[in-house]
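Start with its domains, then turn to the ligand.

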Amino acid sequence: MEREPLVYIDGNLVPKSQAKISVFDHGFLYGDGVFESVIVTDGVAFKLKEHIDRLYDSAKAICIDVPMSKEEMIKTIVDVVRANGFKNAYIRIIVTRGVGDLGLDPRKCSKPTIVIIVDKIKLYDDDVWSKGLTTIISSVRRDRVDATTHEVKSMNYLNNILAKIEANAVGADEAIMLDDRGFVSEGTADNIFIVKNGVIYTPLRSSGILPGITRARVMKLAEELGYKVVEKDITPAELLTADEVFLTGTAAGIVPVVKVAGRVIGDGKPGPVTRRLYEKFVELMRDPSEGVKIF
Ligand SMILES: Cc1ncc(COP(=O)(O)O)c(C=O)c1O
């Protein structure tokens, strides 16, 4: 029988089935916390440092002072992955406001809770590359730039979950969300790109997106491969009439979209630009110079 994954909770390693936190933790009571996800492929934790930078930026934005340095955090994560012995894994790092009382005042929480989970995740079926994803355009909008903020990877995912429920209700694989102005924003846990006449477009940071780490690397990769990449406001009509559409994210990697709101994208098959980027990206994920080598 496979051994249970070990979960780090505030300095202790406990088996998954016993990994529990207090019901008075404000992460649980109020979604008051931040998180990150990192993928380990063949022993390489892709862009681990960048994820830790974003974790600390998210924490800073909501006034959580993470009780360890970034260097200690990286070392702890590496130790937890090694203790689990997984060469291919999904890491979830969570920092909550900590245990407080039933009121929401963060001053009542004396110390943030740190949790590091090392496990597996599977977002889409294995046939995603032969079939591509079908999507809807959700009625649920991403936050405005001056709202709680989409730029913080916080424990508030309710609008993304509501959008996913809409996709599930009609049997689509994923939902594409618009920003408060009606421009294309992102998927429920992925950034979006479109390809039109050989040029690659992606929404601006001000369009309700989480500035994705995969997004940033894919933009650089596309430029390295000679494509022109443009960040701009994308209208729903531009999305529906694109030659190719794809999503990017830590857990998903690069995934092709072949249908949006009933419209077939291109010829209904994953497109050549998406495929070329994917093939190169898969190599990058194993490249120690693109992350931290754990094994
Ligand atoms: C809302 C949202 N957008 C985009 C992304 C993609 O970001 P990244 O590439 O950093 O995983 C994620 C996943 O982390 C997400 O949760």
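What follows goes from the domains to their contact side, and then to the ligand shell.

This is a predicted model: local features need pLDDT of at least 70, side-chain atom pairs count only at pLDDT 80 or more, and totals for chains, interfaces and linings use all residues. Residues are numbered from 1 along each chain, as its sequence is written.

The chain splits into domain 1 (6-120) and domain 2 (128-285). These bounds come from an automatic or database domain assignment. Taken over C-alpha atoms, the centres of domain 1 and domain 2 are 26 Å apart.

Where do the domains touch? On one side, 21 residues of domain 1 are in contact with eleven residues of domain 2. Contact means that the C-beta atoms of two residues, placed from the backbone, lie within 7 Å. Strand 3 (33-41), strand 4 (44-46) and helix 2 (48-61) each give two or more residues to the side of domain 1 that touches domain 2. Helices (H or I, at least four residues) and strands (E, at least two) are DSSP runs, numbered from the N terminus. Strand 3 gives the most to this side, with eight residues. By class, the side of domain 1 that touches domain 2 has nine nonpolar, seven polar and five charged residues. Ala, Val, Leu, Ile, Met, Phe, Trp, Tyr, Cys and Pro count as nonpolar; Asp, Glu, Lys and Arg count as charged; the others, Gly among them, count as polar.

Now the ligand. Which residues come nearest? Of the 14 residues around the ligand, they are Leu210, Gly212, Ile213, Thr214 and Thr250. Helix 6 (213-224) and strand 13 (244-249) each supply at least two residues of the shell. Helix 6 gives the most, with three residues. The shell around the ligand divides into three nonpolar, eight polar and three charged residues.

Note on methods: A residue is near a molecule or strand if its C-beta atom, placed from the backbone, lies within 6 Å of it.
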